[in-house]
Amino acid sequence: RDERKTPFQLQELYIDIGAKDKAEADKLVPLGTTAIFATKFQQLSDEIIMGKAFDDRVGCNVLLELLADDYDCNLVCAFTVQEEVGLRGAGVAAYAVSPDLALVIEGTTASDVPDVPEHGHATSVGKGPALTIMDRTSIPSRPLVERLKQVAEKEGIPIQFRRATTGGTDAGKIQLTKGGIPVAGISVPCRYIHSPASVASLSDINATIRLVKGFLQGF
């Protein structure tokens, strides 16, 4: 709360252009280049994309790709609303569908930026989808998490585990619906997640799609 009353220092301000090192940064943006704030989706490099509301547009993108295929199970994709103000849409959807299990697919915080120590990185962009062990609202089903891990190992999909328990997802509401529903969370790491200019990795998004498809095809 106190941060809202304190202006940022110059050394705290920087623009992420998706460069991997100083040489690439100098090539993309020569010294003295001016900048303005403009919210528009764009690809910053072969790997990195930038846009608004990646939480949870990346999740919606994954669901749309899943719906393009058929599976030996009854797949229901719910594009829920009002997660940030009480997981409201997920509760209604879970009650109506009453699924045997639920995978919550979303964008999550990546703090792998300058001046944040490595132990403070909840996730890292470019290292694959993140599985959740626990967060503020839920404790995912261990057998589901283990199954997702096995699928990743079998398919050669890089994964990481979310290294923070702050925040919550729709899983918190779904898990407590009716008699209880087993849940698991799969997240795409996003920098500056609740800002109008989030940054994510195309390889992380594609790996998330492959992971969930592999899981569904295993039924």
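Helix α6 spans residues 202-217; helices are DSSP runs of H or I with at least four residues, strands are runs of E with at least two, and both are numbered from the N terminus. The helix has 16 residues and reaches 22 Å from its first C-alpha to its last, close to the expected 22 Å, a span defined as 1.5 Å times one less than the number of residues. Buried residues of α6 include Ile205, Ile209, Leu211, Val212, Phe215 and Leu216. Asp204, Thr208 and Lys213 in α6 are also buried. Buried means under 20% relative accessible area, exposed over 50%, and partly exposed in between (1.4 Å probe, protein chains only).

The model is predicted; local features need pLDDT of at least 70 and side-chain atom pairs count only at pLDDT 80 or more, while totals for chains, interfaces and linings use all residues. Residues are numbered from 1 along each chain as its sequence is written, and side-chain values use heavy atoms, with hydrogens and water left out.

Five salt bridges were found in a search of the whole structure, a salt bridge being a side-chain nitrogen of Lys or Arg within 4 Å of a carboxyl oxygen of Asp or Glu. Asp16, Asp112 and Arg191 are linked in a network of such bridges. The side chains of Asp16 and Arg191 meet at 3.0 Å, N to O. This pair links distant parts of the chain, 175 residues apart: Asp16 lies in the segment before α1 (22-28), and Arg191 in the loop between β6 (183-190) and β7 (198-201). The salt bridge between Arg191 and Asp112 also has an N to O distance of 3.0 Å. Asp112 lies in the loop between β3 (102-109) and β4 (130-131), so its pairing with Arg191 ties together parts that are 79 residues apart in sequence. Arg191 counts as buried because its relative accessibility is 14%, and Asp112 is buried at 17%.

Lys20 and Glu24 form another salt bridge, at 3.3 Å, N to O. Lys20 counts as exposed, with 71% relative accessibility.

On the surface, Ile133, Met134, Ile139 and Phe161 form a nonpolar patch with about 350 Å² of accessible area together. Patches are made of residues with over 30% relative accessible area and no salt bridge, with like charges joined within 9 Å and nonpolar side chains (Val, Leu, Ile, Met, Phe, Trp, Tyr) within 5 Å; accessible areas come from the Shrake-Rupley method with a 1.4 Å probe, and for residues only the protein chains shown count as cover. Phe161 lies in strand β5, residues 160-161, and is partly exposed at 30%.
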